[in-house]
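This report describes the fold of one protein and then turns to selected local features of its backbone. The sequence and the structure are shown first.

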Amino acid sequence: MSVVRVPVPAKINLYLGVGPRRGDGYHELTTVYHAIGLYDEITVRRGGTTAITMDGEGEGDVPLDGRNLAVRAVNALAARTGADPRVLLHLRKRIPVAGGLAGGSADAAAALVACDALWRTGLSRPELARIAARIGSDVPFLLYGGTAVGTGRGELVEPVTGGDQVWHWVVAAADGGLSTPAVYAELDRLRDEGLARPPQVIGAELDRLYAALRQDDPVVLGAALHNDLGAAALSLRPSLRDTLDEGLVAGAVAGMVSGSGPSCVFLAADADASERIAERLASSGTCRLTRTATGPVPGASVRVAATVYGGER
């Protein structure tokens with residue numbers, strides 16, 4: 001393999017329960033991840049240095065140095081396997097940046113899978129997931145995709161089995177980002193002041209969500225969606241309420257902040273409804289862009305790119 005191409009999806013959280021802050025500064029999480037069909041793509045080939053270029057969403061805003069999670073993933077895999085880390089990566093970015101959709105984590109997962117194939121290191125997904133967990137909490141899930149429950153700080157992932165239902169989603173991306181640490185700190189503040197839901201015993205809520213995933217009824221699933229971080233994101237960015245209200249008026253079954261925000265995600269009854277909701281949101285002035293997607297979809301997967309003289313085809 002002289003060139004390896006790996007598409008990787010975005011994630012949303014169907015459920016995000018946030019526990020108290022731990023001694024290491026993280027919060028104990030119980031979350032149900034769901035991979036949706038918005039994709040970034042990493043292409044990797046051997047080179048004389050480790051470098052990354054990009055095009056698409058967020059060009060000029062995404063760091064292209066050692067802070068980039070894909071570059072960190074390359075270096076982590078090289079350190080684990082003894083491979084030569086000198087590779088050239090190109091990122092085609094389509095997942096909205098800084099939106100609570102784990103685009104950076106997706107790129108790290110794609111880089112791990114791509115370099116594992118390029119270097120023929122032959123690591124299993126669980127072995128890659130252990131490396132991924134040191135890069136970011138969402139990275140292990142994006143190696144697998146589908147729907148899965150994450151615990152710890154989100155890095156311990158187990159698949160959630162359900163039916164064959166395809167769910168229709170609309171993503172509304174906001175201008176600018178929200179600092180994830182700031183959103184968690186705001187949730188702590190709101191809880192201390194009695195203004196947000198305290199940590200819950202969430203077994204019954206998860207059972208309700210799992211049951212909803214086995215039914216072919218968006219209304220039932222919509223009623224089971226929940227995000228503890230939503231209150232904090234809305235406190236820091238009150239304008240997100242306008243986006244949520246607009247999506248519901250447009251006919252969404254349910255809407256919530258995605259992860260730590262500031263993107264909002266809406267569940268639609270079907271494909272036609274998702275297009276109508278996206279169009280209404282796009283013309284409302286309450287968000288930067290909208291995308292429709294279905295889920296669940298698989299995680300990072302390898303495509304081999306043929307090469308010819310003069311470039312890649």
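In which loop does arginine 120 lie? Arginine 120 is located in the loop between H2 and helix H3 (125-135). The model discussed here is a predicted one.

## Overall architecture

The protein contains 10 helices and 14 strands. Its radius of gyration is 19 Å, close to the 20 Å given by the globule rule for 313 residues, so the protein is as compact as a globular protein of that length. Along the principal axes, the C-alpha atoms fill a box of roughly 55 × 45 × 40 Å.

Of the 313 residues, 54% count as buried. Among contacts between residues at least 6 apart in sequence, 77% join residues at least 24 apart.

## Surface and charge

The protein exposes about 13,200 Å², and carbon and sulfur atoms supply 50% of that area. There are 31 positive and 35 negative side chains, with the centres of the two sets 6 Å apart.

## Positive phi outside glycine

Arginine 120 has a positive phi of about 55 degrees, although it is not a glycine. With a relative accessible area of 63%, arginine 120 is exposed.

Alanine 102 also has a positive value, its phi being near 65 degrees. This alanine is found in the loop between strand S4 (87-93) and helix H2 (103-118). At 13% relative accessibility, alanine 102 counts as buried, because the cut-off for burial is under 20%.

## The S9–S10 hairpin

Strand S9 (residues 254-257) pairs with strand S10 (residues 264-268) in the antiparallel sense over 4 bridges. Alanine 254 has leucine 267, in S10, as its bridge partner. The two strands form a hairpin with 6 residues between them, and glycine 259 in the turn has a positive phi of about 55 degrees.

The loop between S9 and S10 also holds proline 262. The peptide bond joining glycine 261 and proline 262 is cis, with omega about 5 degrees.

Threonine 294 lies in strand S11 (residues 289-295) and is partly exposed, at 32% relative accessibility. Leaving aside neighbours within four places in sequence, threonine 294 is in contact with Ala35, Ile36, Gly37, Val166, Trp167, His168 and Trp169. Serine 258 is 36 residues from threonine 294 along the chain, and their C-alpha atoms are separated by 15 Å.

A cis peptide bond runs from glycine 295 to proline 296, with omega near 0 degrees. Proline 296 lies in the loop between S11 and strand S12 (303-304).

Technical notes. Residues numbered from 1 in each chain as written. Predicted model: local features only at pLDDT ≥ 70, side-chain atom pairs only at ≥ 80, totals over all residues. Heavy atoms only, no water. Rg over C-alpha atoms; globule rule 2.2 N^0.38 Å. Buried < 20%, exposed > 50% of the residue type's maximum accessible area, 1.4 Å probe, protein only. Contact = heavy atoms within 4.5 Å. Areas by Shrake-Rupley, 256 points an atom, 1.4 Å probe, with all protein chains shown as cover. Lys, Arg positive; Asp, Glu negative; His and termini not counted. Charge placed at Lys NZ, Arg CZ, Asp CG, Glu CD. Pairing = 2+ DSSP bridges.
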